[in-house]
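Visitor: I have just opened this one and would like someone to walk me through it. Could we look at it together?

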Amino acid sequence: MRRSGDGFITVADGTPRWGRFGAAGVLLRHVDGDDVAYLLALRSLHCHRGGTWAIPGGAIDEGESPLEAAMREFAEEVGPMPTTFEVAHEYEDDHGGWSYWTVVLDVADRFD
């Protein structure tokens, strides 16, 4: 299904970026004392930068916040979001009129 944010744009330095309104991803983090775990996904070999580890994410749709987009993309690519989480950080990486947002969510339970 095509979404409103799907498509490439060219940023200020002339390079293409996916997401007409920017892009966002979610990094799940579980902290238990000194033990910290992060959830990364292995990209399919059939996609951009296949075979590398990344956070689940994708294009922001028109009218979506970076948090909403990151959570939607996580659900599309990985499955249901954890029901208990706290937004720890939101980082914006601005590429000259196009931004990638990394949303760090602290989750109560360690993931498998």
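Visitor: Which residue in β9 is the bridge partner of His89?
Guide: The bridge partner of His89 in β9 is Val104. Before going further, please note that this is a predicted model, in which local features need pLDDT of at least 70 and side-chain atom pairs count only at pLDDT 80 or more, while totals for chains, interfaces and linings use all residues. Residues are numbered from 1 along each chain as its sequence is written, and side-chain values use heavy atoms, with hydrogens and water left out.

Visitor: OK, and how many bridges join β8 to β9?
Guide: Nine bridges join strand β8, residues 85–94, to β9, and the two run antiparallel. Strands here are DSSP runs of E with at least two residues, helices are runs of H or I with at least four, and both are numbered from the N terminus; two strands pair if DSSP finds at least two bridges between them.

Visitor: What sits in the turn of that hairpin?
Guide: Four residues lie between β8 and β9 in the hairpin, and Gly96 in the turn has a positive phi of about 85 degrees.

Visitor: Switching topic: which residues have the most contacts inside the largest nonpolar core?
Guide: They are Val26, Leu28, Phe74, Leu105 and Phe111, in a core of 14 residues. The elements that give two or more residues to this core are β3 (23–32), α1 (66–77) and β9 (99–107). A nonpolar core is a set of buried Ala, Val, Leu, Ile, Met, Phe, Trp, Tyr and Cys residues joined through side-chain atoms within 4.5 Å, where buried means under 20% relative accessible area, exposed means over 50%, and partly exposed is in between, with a 1.4 Å probe and protein chains only.

Visitor: What is Leu105 in contact with?
Guide: Leaving aside neighbours within four places in sequence, Leu105 is in contact (heavy atoms within 4.5 Å) with residues including Val26, Leu28, Leu67, Met81 and Phe85.

Visitor: How many aromatic pairs are there?
Guide: A search of the whole structure finds one aromatic pair. The rings of Phe8 and Trp18 have centres 5.0 Å apart and planes at 75 degrees, so the pair is edge-to-face. Rings of Phe, Tyr and Trp (its six-membered ring) pair if their centres lie within 6.5 Å, with planes under 30 degrees apart counted as stacked, over 60 as edge-to-face and the rest as tilted.

Visitor: Is Phe8 buried or exposed?
Guide: Phe8 counts as exposed at 59% relative accessibility, whereas Trp18 is partly exposed at 36%.

Visitor: Now charges: how many salt bridges are there?
Guide: The count comes to eight, taking a salt bridge as a side-chain nitrogen of Lys or Arg within 4 Å of a carboxyl oxygen of Asp or Glu. In one of them, Arg3 pairs with Asp61, their closest N and O atoms being 2.5 Å apart. Arg3 lies in the segment before β1 and Asp61 in the loop between β7 (57–59) and α1, so the pair ties together parts that are 58 residues apart in sequence.
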